[in-house]
Amino acid sequence: MTYTQLGILMVLVAVLIDLFVLRTRLVTRRGFWVAYVIVLFFQLITNGILTGIGAFRYADDAIVGQMPADGGPPPMFGEGRVVFQPFEDLLMGFSLCLLAMALWIYWGRRGVQRTPMAGPPRWRSGRWARTAPTRPAGADPRGPGDRDAAT
Amino acid sequence: MERFTYLAILAFIFVGSAWLEIALRTRVLRRWKRLLLSLAAPFAIFVAWDIWALATGHWSIDPARTIGLDLFGVIPIEEIVFFVVVPLAAILSLEAVRSVRGWPLGDEESTP
């Protein structure tokens with residue numbers, strides 16, 4: 001089996017596990033896709049660096065793309081590459097992250113440390129937020145010593 | 001310094017996601033039992049895949065870019081760390097989105 005075939009297979013397996021085995025149905029939720037786009041963005045950067053400098057090399061018969069005949073670096077795009085990495089890496093990354101995230105939701109639903117839930121962000125409540133919303137009553141927002149006014 | 005390349009990227013991924021635990025109160029590391037249960041199976045599956053792929057020659061890792069600690073003679077220690085740090089970053093991202101947007105993910109008390 002090639003890396004391409006295994007990558008596609010693992011994406012299918014991860015989606016089927018999410019939908020029908022764990023029944024977490026993360027792929028139907030907006031929060032999952034937004035989180036995945038964030039993960040994908042950083043995968044393109046970090047994995048792009050490692051594949052671009054040749055820290056990772058792939059056999060020509062394992063992936064769709066072929067390496068340049070002169071033994072040079074892989075292209076940034078083309079030959080099945082997305083920011084230097086073979087698109088097969090994106091399949092592996094997606095299946096790895098979906099599986100871990102689905103299991104996280106699964107165990108939470110089963111009652112394993114379901115709480116304390118995430119949030120709110122520190123800038124909305126708590127120490128970091130005190131500068132803005134909980135200004136002492138009657139204080140002039142543009143008065144001396146105000147942090148917002150200083151910038 | 002070349003041999004710290006891969007390790008440095010892993011450190012970036014960890015630091016770049018772990019700050020969410022503090023700033024967004026993701027409470028993922030704090031719920032470490034649930035975290036370990038979630039990481040165990042993907043870790044086993046993908047490390048096995050990685051060892052097989054390295055042995056088969058699907059891909060290879062430049063030894064000059066790793067610190068040189070190879071487990072079972074084939075898999076650099078960085079790869080082992082990768083399959084902990086990356087799924088952790090994914091879960092942190094998921095909870096970060098929930099923290100900011102409040103969208104349900106299916107494990108709420110009364111799941112919509």
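Predicted model: local features only at pLDDT ≥ 70, side-chain atom pairs only at ≥ 80, totals over all residues.

Biologist: What does the secondary structure of chain A come to?
Modeller: Chain A has four helices and four strands. Along the sequence they follow the pattern α-α-β-β-β-β-α-α.

Biologist: And what percentage of chain A is buried?
Modeller: Of the 151 residues in chain A, 32% are buried.

Biologist: Among contacts in chain A between residues at least 6 apart in sequence, what share joins residues at least 24 apart?
Modeller: That share is 57%.

Biologist: In which sense does β1(A) pair with β1 of chain B?
Modeller: The pairing is antiparallel, over three bridges, and the strand in chain B covers residues 59-61. Within this pairing, Arg57(A) has Ser60(B) in β1(B) as its bridge partner.

Biologist: Now the helices. At what angle do α2(A) and α3 of chain B pack?
Modeller: The angle is about 125 degrees, and the axes of α2(A) and α3(B), residues 77-101, are 9 Å apart.

Biologist: Why do you call them oblique rather than perpendicular or antiparallel?
Modeller: Roughly perpendicular covers 65 to 115 degrees and roughly antiparallel is over 145; the angle is about 125 degrees, so α2(A) and α3(B) are oblique to each other. The crossing of α2(A) with α3(B) is right-handed.

Biologist: Which residues meet there?
Modeller: From α2(A) come Gly31(A), Phe32(A), Val34(A), Ala35(A), Ile38(A) and Val39(A); these meet Ala89(B), Ala90(B), Ser93(B), Leu94(B), Val97(B), Arg98(B) and Arg101(B) of α3(B). The residues of this contact between α2(A) and α3(B) comprise nine nonpolar, two polar and two charged.

Biologist: How do α3(A) and α3(B) cross, left-handed or right-handed?
Modeller: The crossing of α3(A) and α3(B) is right-handed. The two axes come within 9 Å and cross at roughly 55 degrees, and α3(A) and α3(B) are therefore oblique to each other.

Biologist: Which residues make that contact, and how do they divide by class?
Modeller: In α3(A) they are Leu96(A), Cys97(A), Ala100(A), Met101(A) and Trp104(A), which meet Val86(B), Pro87(B), Ala90(B), Ile91(B) and Leu94(B) in α3(B). The residues of the contact of α3(A) with α3(B) are ten nonpolar, with no polar and no charged residues.

Biologist: A change of topic: where does Leu40(A) lie?
Modeller: Leu40(A) is in helix α2 of chain A. Because Leu40(A) has 16 C-beta neighbours inside 10 Å, it counts as partly exposed. Leu40(A) and Glu79(A) are 39 residues apart along the chain, and their C-alpha atoms are separated by 20 Å.

Biologist: Now the backbone. Which residues does a cis peptide bond join?
Modeller: One cis bond joins Thr115(A) and Pro116(A), with omega about 0 degrees. Another joins Gly119(A) and Pro120(A), with omega about -5 degrees. Pro116(A) lies in the loop between α3 and α4 (147-150) of chain A, and Pro120(A) is in the loop between α3 and α4 of chain A.

Biologist: Where is Arg25(A), then, and what is its phi?
Modeller: Arg25(A) sits in the loop between α1 (3-21) and α2 of chain A. Its phi is positive, near 50 degrees. Arg25(A) has 16 other C-beta atoms within 10 Å, so it is partly exposed.

Biologist: And Phe72(B): buried or exposed?
Modeller: Phe72(B) counts as exposed because it has 8 C-beta neighbours inside 10 Å. Phe72(B) has a positive phi of about 55 degrees, although it is not a glycine. The loop between β2 (70-71) and β3 (75-76) of chain B contains Phe72(B).

Terms used: Residues numbered from 1 in each chain as written. Chains lettered and ligands numbered in written order. Pairing = 2+ DSSP bridges. Helix = DSSP H or I, 4+ residues; strand = E, 2+ residues; numbered from the N terminus. Axes fitted to C-alpha atoms, helices over the stretch in contact; angles between N-to-C directions. Parallel < 35°, antiparallel > 145°, perpendicular 65-115°, else oblique. Left-handed = near helix turned anticlockwise from the far one by under 90°. Contact = placed C-beta atoms within 7 Å. Nonpolar A, V, L, I, M, F, W, Y, C, P; charged D, E, K, R; others polar. Buried ≥ 20, exposed ≤ 12 C-beta atoms within 10 Å, placed from the backbone.
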